[in-house]
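Hi,

Here is the structure I promised to pass on to you. Have a look at it first, and then read on for what turned up when I went through it.

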There are 2 protein chains.
Amino acid sequence: MDLYNKKDKFYVAVDCIIFGFDAGKLKLLVFNRKIDPFKNSLSLIGSFVKIGESVADASKRILKEFTGLENVYMKELKTYSSVDRDPGYRCISVAQYALIRINANIKKIVEEKGAKWCEIDRVPKLILDHNQMTTDALNRIEQIAKHKPVGFELLPKKFTIPKLQALYEAIYRRKLDPRNFRKKILSFDVIIKLDEKDRTSSKKGAYLYKFDHKRYKKLQELGYDFEI
Amino acid sequence: MDLYNKKDKFYVAVDCIIFGFDAGKLKLLVFNRKIDPFKNSLSLIGSFVKIGESVADASKRILKEFTGLENVYMKELKTYSSVDRDPGYRCISVAQYALIRINANIKKIVEEKGAKWCEIDRVPKLILDHNQMTTDALNRIEQIAKHKPVGFELLPKKFTIPKLQALYEAIYRRKLDPRNFRKKILSFDVIIKLDEKDRTSSKKGAYLYKFDHKRYKKLQELGYDFEI
DNA sequence: TATAATAAATGTATTTTTTACATTTATTAT
DNA sequence: ATAATAAATGTAAAAAATACATTTATTATA
């Protein structure tokens, strides 16, 4: 099959740490492996990078395969390259983290693929160094979230301020003051109030907002630093 | 020589973006290549990663070879993996950036190796995507410098506050107010005043300080965010 | 030996940002 | 009518950031 020993040449893999936000909880997408290696173990979703594609292409390919999504917020985390990290191959893995909006369609695709969402403080034992990757990614998004409005990537296009706050509370793992949070978010001037309310979690209902991508881009170009 | 075509398997390389600070200028270490490929062109210092070493090991190896230094501040920048980035090999490169204190000994080693320091706003054309790597690394350290006291890595162990300010001015490419800068730096409580002065740049002389690594570690563990 | 030159060191008032904190509002179900 | 629920709102106090000008220590030289 292979002319050369799997330990004699480099294999390049990507592993994706895919975060979603659902029912007030930050979640991680894990995959129940159906074939060897590591059959019946849990892992992040990943793949070898093909010789004719870039690392970014490979990440997009498997993200689409497992969620149906394209144009997702996805960034490189870091490279994992210990000589003995994978007993089967001399493989370096470039970990990528992604933030996605969970919806019914995604849930369906995820299930069909044998993957599932698990709460981030209940992540089970994963194969190889995938738990380490998850921890590293969580720390990274916590850092990033302080300075870039990544939270919006995880929410539906229309969201309420209390939902946005719940997300930030999940990321930072602490409670925030609703008055101060609202004041801060509105001061950035990057969300637009809609003439619609979400009444799923209260009788009064909370106004829906949408993210103003154009204005955000403009502010970003001016070097504006969002400190949330 | 090689049993397989160089385009048929992955090669893994590291390229190091090594910054130093000398004579009030931020500098980049570039290498004048003495052999093919790219003989007589300029490049970052780099190497293929050996099958039996990690990416971090390879970076340390070449950093030591070109500067004699160990235990240097070095971090992963990102992976460069376009299919056509290197005409010779199917090679992905994991770029690392390092901050070092330039001294006479390092200057000697650098020269022996055929490398040289160039001012960062006079970086010549480098091979492959090395100019892009340099730009990316500069942006990264500018971001990092805002929140972590990386500046200290570039200065001699003993430094004066005006020298530290000049370094931050070089990184941020703007002037800072000396009273406010001093106040801010001292407020972090991570530098220790010594009973010695540096008189190389004024008659009055400026007090030397040293970085308090222990205290910095402690503050960092407490989640303290240094906003310089 | 007075003084000119040089860069280092210092303090304060003002503005801006962050924090802490409690009540009213809109709506639905009973 | 009222009880229940989460959403929406304002202000005062504290902390941090900013703007800004003079004095100090020393050496070289007039």
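**Around A:Ile161**

Setting aside neighbours within four places in sequence, A:Ile161 is in contact with A:Arg182, A:Ile185, A:Ala206 and A:Tyr209. Please keep in mind as you read that this is a predicted model. A:Ile161 sits in helix α5 of chain A. It counts as partly exposed because it has 18 C-beta neighbours inside 10 Å, and a residue needs 20 or more to be buried. One of its contacts, A:Arg182, is 21 residues away in sequence, yet the two C-alpha atoms are 6.8 Å apart in space.

**The DNA strands**

DNA strand D is surrounded by 20 residues, and the closest are A:Pro162, A:Arg179, A:Ser202, B:Lys203 and B:Lys204. Two or more residues of that surface come from each of α5 (161-172), α6 (178-188) and β10 (206-211) of chain A, and likewise from α6 (178-188) of chain B. By class, the surface near DNA strand D holds 10 charged, 5 polar and 5 nonpolar residues.

For DNA strand C there are 19 residues around it, with A:Lys203, A:Lys204, B:Pro162, B:Arg179 and B:Ser202 coming nearest. Here α5 (161-172), α6 and β10 (206-211) of chain B, together with α6 of chain A, each supply at least two residues. The largest share of the surface near DNA strand C is that of α6(B), with 3 residues. The split by class is 9 charged, 5 polar and 5 nonpolar.

**How the two chains relate**

Chain A superposes on chain B by a rotation of 180° with 0.0 Å of shift along the axis, at an RMSD of 0.1 Å. That is therefore the relation of a two-fold axis. Within chain A, the C-alpha nearest the axis belongs to A:Phe10, at 3.0 Å from it. Both copies use the same surface, as 100% of the contact residues of chain A recur in chain B.

As for the contact between them, 19 residues of chain A meet 19 residues of chain B. On the side of chain A that touches chain B, the elements giving two or more residues are β1 (10-22), β5 (73-80) and β6 (90-100) of chain A. That side has 8 nonpolar, 5 polar and 6 charged residues.

**Inside chain A**

Chain A is divided into domain 1 (10-146) and domain 2 (151-221). The C-alpha centres of these two domains lie 27 Å apart. Domain 1 of chain A puts 12 residues into the contact, and domain 2 of chain A puts in 11. On the domain 1 side, β1, β2 (25-32) and α3 (130-147) of chain A each supply at least two residues. The residues on that side divide into 7 nonpolar, 2 polar and 3 charged.

One more helix may interest you. Helix α1 of chain A, residues 55-67, has 13 residues and spans 18 Å from its first C-alpha to its last, close to the 18 Å expected at 1.5 Å a residue. Its buried residues are A:Val55, A:Ala58, A:Ser59, A:Lys60, A:Leu63, A:Phe66 and A:Thr67. Just after α1(A) comes A:Gly68, which takes a positive phi of about 75°.

Best wishes

Note on methods: Residues numbered from 1 in each chain as written. Chains lettered and ligands numbered in written order. Predicted model: local features only at pLDDT ≥ 70, side-chain atom pairs only at ≥ 80, totals over all residues. Near = placed C-beta within 6 Å. Helix = DSSP H or I, 4+ residues; strand = E, 2+ residues; numbered from the N terminus. Nonpolar A, V, L, I, M, F, W, Y, C, P; charged D, E, K, R; others polar. Contact = placed C-beta atoms within 7 Å. Expected span 1.5 Å × (residues − 1). Buried ≥ 20, exposed ≤ 12 C-beta atoms within 10 Å, placed from the backbone. Least-squares fit on C-alpha atoms with pLDDT ≥ 70 in both. Domains from an automatic or database assignment.
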